[in-house]
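These are my notebook entries on the model below. I set down what I looked up, entry by entry.

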Amino acid sequence: MGDVTPPLRVVEDAGTSPADWEAVYRSHVAALYRYVYARTGNKPDAEDVTSTTFMRALPRLRPDVSDGEIRAYLRTTARTVMADMWHDRRGVAGTPIDEENIANAWAPEPTNRDVDGILTALPPNYRQVLELRFLRGYSIKETAAAMSISVSNAKVMQLRALRRAAGQSEVPAS
Amino acid sequence: MTRADRRLERHIEALLKDRRPPRGDPGEDLPAMQLAAELHAAHPGSAEPSPEFVDALARKLRQQHDEPPVPMPQRRRFLAAAGLAAAAGVGAGFGVERLREALAEGGGSSGPIVPADGNWVAVAKLADIKPGGFQRFSAGGVEGFVYTLNGQVQAISAVCTDQGCILMADAAHNRFVCPCHYATFSLDGTPHKGGSYSDKITPLPTVSVRATGEDIEVLVPKTV
């Protein structure tokens with residue numbers, strides 16, 4: 001643990017009244033959901049992670065902490081919940097559940113990437129296929145038609161474009 | 001298309017339909033899958049919680065707040081601050097291999113996990129085990145937690161005995177909580193009855209644990 005980590009003002013049995021925590025919940029739920037959604041990319045997972053995060057974090061929040069501290073604590077808790085979910089689902093080593101890790105709301109976290117910048121840097125056909133698929137929600141057929149290419153070409157192109165945009169150089173062989 | 005291609009394609013299809021992606025190891029495509037989630041979130045309106053969800057969760061939280069489900073006899077306060085490590089209590093029960101007996105309470109069939117052909121596997125450092133802290137481990141097919149209980153280091157299965165979901169450690173309330181139906185277990189593995197989960201829920205199996213030098217080891221099945 002870093003020496004400069006400030007003590008976390010989050011305790012159990014914080015004694016918050018229902019009005020307090022409900023206000024905290026209402027003012028943070030949408031932002032936390034968006035944060036989680038940008039990492040899970042789908043509604044069922046985003047709802048599960050958001051629920052679990054609030055169930056765990058709310059009883060431990062004191063009403064007098066700042067909004068920024070609450071947000072940081074919620075995000076750190078959510079990251080731990082997601083790590084556990086991915087560990088379970090993907091066989092990927094996530095962050096182990098570790099109380100200090102959860103509590104260290106000041107842990108650096110990856111900033112949100114600049115999606116526009118990533119798309120702009122791509123070759124035009126790669127950018128177009130990702131915009132049509134992800135930002136406009138076109139199906140593969142609609143995407144192929146809009147780009148005047150075959151469906152199988154569109155399928156392959158979206159994969160190449162996504163890998164390139166994610167900074168992967170080689171196409172995985174396996 | 002390669003296997004990896006088909007896997008990534010299925011992943012994208014699931015996200016674009018707002019469904020859970022399929023299980024499995026993402027392999028080298030992890031960055032692409034992470035970016036796919038971010039791109040999908042950039043789709044206008046897709047990343048907003050529904051009002052129904054927000055209200056339903058508020059009700060669930062109110063219920064949790066009104067009925068603290070687990071009466072704990074001895075609650076301790078833990079502040080995540082420096083000085084925690086100095087707290088005493090670690091190491092008291094070490095040096096001897098210790099097979100915990102099956103939990104008498106609960107009437108379930110769970111006992112300690114004793115593999116027919118086992119290995120001691122290091123899963124944590126002794127220095128990392130602190131009062132009030134939990135270390136998750138996966139070893140030899142066993143998912144578990146290592147933590148301290150009454151000054152002794154203890155290892156226990158992290159799999160809920162209701163429907164097999166992976167439990168979360170709720171250090172503030174000295175318990176394990178299941179994310180699926182909110183079943184809760186005290187730190188010795190005793191389930192708390194009542195709730196939307198099965199009444200026949202059994203205690204969590206314990207895992208044999210020992211300290212060798214600086215390592216905490218658990219006894220788990222040999223796997224290839």
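Not counting residues up to four places away in sequence, L162(A) touches L130(A), A32(B), L35(B) and A36(B).

I note for the record that this is a predicted model, in which local features need pLDDT of at least 70, side-chain atom pairs count only at pLDDT 80 or more, and totals for chains, interfaces and linings use all residues. Residues are numbered from 1 along each chain as its sequence is written, and chains are lettered from A and ligands numbered from 1 in the order in which they are written.

I next looked up the nonpolar cores. Such a core is a set of buried Ala, Val, Leu, Ile, Met, Phe, Trp, Tyr and Cys residues joined through C-beta atoms within 7 Å. A residue is buried with 20 or more other C-beta atoms within 10 Å of its own, exposed with 12 or fewer, and partly exposed in between. The largest nonpolar core holds 47 residues, and V36(A), A78(A), L162(A) and A36(B) touch the most other members. Elements giving two or more residues to this core include α1 (18–40) and α8 (151–165) of chain A, and also α1 and α2 of chain B. Helices (H or I, at least four residues) and strands (E, at least two) are DSSP runs, numbered from the N terminus. The most residues in this core, 10, come from α1(A). I also found a second, separate core of 38 residues, with V153(B), C160(B), A171(B) and L219(B) among them.

I then turned to the interface. Here 63 residues of chain B are in contact with 65 residues of chain A. On the chain B side, α2(B) gives the most, with 10 residues. By class, I recorded 34 nonpolar, 11 polar and 18 charged residues on that side; Ala, Val, Leu, Ile, Met, Phe, Trp, Tyr, Cys and Pro count as nonpolar, Asp, Glu, Lys and Arg as charged, and the others, Gly among them, as polar.

I checked V54(B), which lies in helix α3 of chain B. V54(B) is partly exposed because 17 other C-beta atoms lie within 10 Å. Leaving aside neighbours within four places in sequence, its contacts are V29(A) and P49(B).

Last, I traced an open sheet of 4 strands in chain B, in the order β2-β3-β4-β9, with antiparallel pairing. Strands pair if DSSP finds at least two bridges between them. β4 (residues 152–157) and β9 of chain B pair over 2 bridges, and I156(B) stands opposite T206(B) in β9(B).

Methods:
Two residues are in contact if their C-beta atoms, placed from the backbone, lie within 7 Å.
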